[in-house]
Amino acid sequence: MDAGTYSISSEKSHKAAKAAAAPRPPLQEAGSQPYMPSLSTGSRNPSAKCYGDRFIPDRSAMDMDVAQYLLTEPRKDKENAAAAASPSKEMYRRLLAEKLLNNRTRILAFRNKPPEPENVSATIAASAHHAKPAKQRRHIPQSAERTLDAPELVDDYYLNLLDWGSNNVLSIALGDTVYLWDASTGSTSELVTIDEDSGPITSVSWAPDGKHIAVGLNSSDVQLWDTSSNRLLRTLRGVHEARVGSLAWNNSILTTGGMDGKIVNNDVRIRNHVVQTYEGHSQEVCGLKWSGSGQQLASGGNDNLLHIWDVSMASSMPSAGRNQWLHRLEDHTAAVKALAWCPFQSNLLATGGGGSDRCIKFWNTHTGACLNSVDTGSQVCALLWNKNERELLSSHGFTQNQLTLWKYPSMVKMAELTGHTSRVLFMAQSPDGCTVASAAADETLRFWNVFGAPEAPKPVKASHTGMFNSFNHIR
């Protein structure tokens with residue numbers, strides 16, 4: 001059941017009630033004060049006369065004698081009721097009154113007719129016509145758009161075996177082999193099969209250019225491949241002492257995290273590639289993510305710790321070659337693998353804990369404060385932000401093995417996507433941000449159209465073309 005339906009519909013009805021309760025006439029500037037009729041008789045237009053809510057008698061149109069007669073005649077009739085006249089006299093009195101009064105029965109005469117009441121319904125209709133239409137709720141398909149087999153997918157929570165590159169090619173490690181699936185054509189190709197002594201493959205990560213890919217191995221080596229030519233470019237050896245389960249790119253810097261608890265920055269352009277080492281975890285590093293600005297690195301480990309590292313602190317101890325963390329956060333009670341930097345707020349980080357924790361936490365990485373914590377009820381395996389809306393997608397393990405879409409910051413469940421029969425270990429997002437691929441221990445790869453189509457970009461105003469284009473700035 002979609003828990004977000006009631007919240008959105010109630011919000012729409014609340015807005016409609018507000019519009020009906022306080023209608024504004026058309027052609028009013030947005031944000032102006034509500035319309036109130038003037039109570040003064042003055043007007044800026046001398047030809048127009050406004051009498052407000054009072055109506056002044058016009059003495060020139062009044063006959064005081066007639067008014068006196070009308071005021072006293074009923075009383076006289078009442079007093080002389082006992083001595084009633086004959087029918088002929090009564091008829092004579094009525095005829096005389098008609099001739100004298102000219103059928104007038106009003107005492108007071110007014111210059112103008114009272115103003116007509118405002119057409120409230122028309123005003124509300126006009127206001128609703130000019131109001132901005134409410135945004136319709138996006139349809140979220142409850143079933144996977146496509147399902148592919150993924151045999152020999154390693155069922156290991158601490159690995160990272162799925163990634164989607166900027167060239168719209170998906171990479172997935174199945175056992176000792178890395179496969180590439182082109183989302184544009186639907187074609188599949190094999191990139192590399194590792195020797196049994198070096199395998200299985202423990203992590204994959206695309207470089208920002210979408211052509212080169214890093215492959216972490218169980219043997220602690222890291223390979224760099226050119227996918228356009230299926231050529232091995234180089235192998236990074238001696239960086240770690242155990243398997244490399246997490247990888248993250250920051251331009252030309254490849255950050256690797258190993259079972260030995262070390263995090264290493266490798267500049268792949270130079271021969272001596274190790275440029276920085278981060279030491280803070282006592283157990284395997286299973287989550288690594290650089291912020292969008294490339295200024296902060298988040299790392300999660302099997303020691304239940306979350307670290308925030310800042311590149312500005314790299315120069316504080318250059319001789320040691322090791323960097324001190326900016327924040328050491330110990331709120332999670334299980335391994336921290338799921339990490340996701342917010343695309344619309346640079347200092348907002350979402351993290352997910354393992355089976356003993358089950359929580360999604362939100363952090364201000366500038367201050368280290370925990371902004372919110374939500375118990376999801378099951379192991380949090382991966383997190384992804386919607387690039388076009390304020391939404392967060394999480395993948396889970398036992399008992400439902402579902403994908404849950406949350407509305408941020410209320411954290412109301414918008415949808416729960418089921419179909420996997422085992423824990424959903426990995427997720428990856430398409431370059432356009434619309435489609436999400438999920439790989440689970442049931443050895444299936446499923447594609448979900450959960451984030452919807454992005455909004456059409458606003459048209460850019462045409463710039464002036466002419467011989468003075470280079471002088472469009474005042475110096």
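How many bridges join β6 to strand β7, and do they run parallel or antiparallel? The views below are taken from a predicted model, in which local features need pLDDT of at least 70, side-chain atom pairs count only at pLDDT 80 or more, and totals for chains, interfaces and linings use all residues. Residues are numbered from 1 along each chain as its sequence is written, and side-chain values use heavy atoms, with hydrogens and water left out.

**View 1. Hairpin of β6 and β7.** Strands β6 (residues 201-206) and β7 (residues 212-217) run antiparallel and are joined by 5 bridges; strands are DSSP runs of E, at least two residues, numbered from the N terminus, and two strands pair if DSSP finds at least two bridges between them. Ile201 stands opposite Leu217 in β7. The hairpin has 5 residues between its strands, and Gly210 in the turn has a positive phi of about 75°. In β6, 6 of 6 residues are buried (under 20% relative accessible area, 1.4 Å probe, protein chains only).

**View 2. Ser220 in the loop between β7 and β8 (222-226).** Ser220 is buried, with a relative accessible area of 9%. Leaving aside neighbours within four places in sequence, Ser220 is in contact (heavy atoms within 4.5 Å) with Leu236, His240, Glu241, Ala242, Arg243 and Val244.

**View 3. Open sheet of 4 strands in the order β14-β15-β16-β18.** The pairing is antiparallel. β14 (285-290) and β18 (327-329) stand at the edges with a single partner strand each, so one side of each lacks a neighbour in the sheet. Strand β15 (residues 296-301) is joined to strand β16 (residues 306-310) by 5 bridges; the bridge partner of Ser299 is His307 in β16.

Technical notes
Buried < 20%, exposed > 50% of the residue type's maximum accessible area, 1.4 Å probe, protein only.
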